[in-house]
Amino acid sequence: MKAFNGNGMIPIYPVIKDYISIDYPDMLRFCLTNPYISSVDAGAKYSKEFELDMQVACGKKYSDQELNEIKKEADKVAGHMKNICRECMHCQEKFTCPNGVDFPKILSLYNHYTFSVRQNKDTSELVKKYAQLKKNGGDCLECGECLPWCEYKLNIPELLKQAHKALG
Ligand code: SF4
Ligand code: SF4
């Protein structure tokens, strides 16, 4: 599985980073500490990224204590990740909504909105961006064709409805 976005965190990371102190090297080290993982597709694009990958890969693995600490840190955000689009874009590799609804984009805006509300942050930019979409959550026909393509088994039509209620 692709754990990263090139040599960086997946797009959802900026949304959750205010909750946790975990960064890219931590994540890579975490993956490499797992004895059941023999290789990680880190996807370096530039030599600097490759160097960072190598630095982590050649460095120490986490001790059991460090592993527990990082798991505790990850738990801070785990509860908020239910029904959240990971913005992995894997659905888009083989599927496009026949009705032209850019559902990953809408779900991404909705993620940012949900986390911003939790942190009492301004959401006006997100509402503005939502208003600029050619098709929004309200245009979903609830045909369900996108459902088999989401790796996280999200109820996409339902989330689009919620997004439209919040941002529309
Ligand atoms: S349920 Fe909505 S988003 Fe999914 S394929 Fe159908 S119209 Fe597109
Ligand atoms: S809808 Fe599912 S597969 Fe598509 S980007 Fe979101 S989490 Fe990934």
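User: Where do I start, and what pattern does the protein follow along the sequence?

Analyst: Happy to walk you through it. Read along the sequence, the pattern is α-α-α-α-α-α-α-α. Keep in mind that this is a predicted model. The protein has eight helices and zero strands, and its C-alpha atoms fill a box of roughly 50 × 35 × 25 Å along the principal axes.

User: Into which domains is the protein divided?

Analyst: Domain 1 covers 13-78 and domain 2 covers 90-167. Taken over C-alpha atoms, 28 Å separate the two domain centres.

User: How do I read a helix pair, and at what angle do the axes of H6 and H8 cross?

Analyst: Take the angle between the axes, then the handedness, then the residues that meet. The axes of H6 and helix H8 (residues 156-167) cross at roughly 55 degrees and come within 10 Å. The crossing of H6 and H8 is left-handed.

User: Which residues of H6 and H8 meet?

Analyst: From H6 come Phe103, Ile106, Leu107, Leu109, Tyr110 and Tyr113; they meet Ile156, Leu159, Leu160, Gln162, Ala163, Ala166 and Leu167 in H8. By class, this contact has twelve nonpolar, one polar and no charged residues.

User: And at what angle do H6 and H7 pack?

Analyst: H6 and helix H7 (residues 124-131) pack at about 160 degrees, with their axes 10 Å apart. Angles over 145 degrees count as roughly antiparallel, so H6 is roughly antiparallel to H7. H6 passes H7 in a left-handed crossing.

User: Which residues of H6 and H7 meet?

Analyst: Leu109, His112, Tyr113 and Ser116 in H6 meet Leu126, Lys129 and Tyr130 in H7. By class, the contact of H6 with H7 has four nonpolar, two polar and one charged residues. Leu109 and Tyr113 are also listed in the contact of H6 with H8.

User: Now the ligands. Which residues come nearest to ligand 1?

Analyst: For a ligand, read the nearest residues and then the make-up of the shell. Cys97, Asn99, Cys140, Cys143 and Cys146 come nearest, out of 13 residues around ligand 1. That shell has nine nonpolar, two polar and two charged residues.

User: How many residues surround ligand 2, and which are the closest?

Analyst: Ligand 2 is surrounded by 14 residues, the closest being Cys85, Arg86, Cys88, Cys91 and Cys150. Helix H5 (90-94) and helix H6 (103-118) are the elements that give two or more residues to this shell. By class, the shell around ligand 2 has ten nonpolar, one polar and three charged residues.

Technical notes. Residues numbered from 1 in each chain as written. Chains lettered and ligands numbered in written order. Predicted model: local features only at pLDDT ≥ 70, side-chain atom pairs only at ≥ 80, totals over all residues. Near = placed C-beta within 6 Å. Nonpolar A, V, L, I, M, F, W, Y, C, P; charged D, E, K, R; others polar. Domains from an automatic or database assignment. Helix = DSSP H or I, 4+ residues; strand = E, 2+ residues; numbered from the N terminus. Axes fitted to C-alpha atoms, helices over the stretch in contact; angles between N-to-C directions. Left-handed = near helix turned anticlockwise from the far one by under 90°. Contact = placed C-beta atoms within 7 Å. Parallel < 35°, antiparallel > 145°, perpendicular 65-115°, else oblique.
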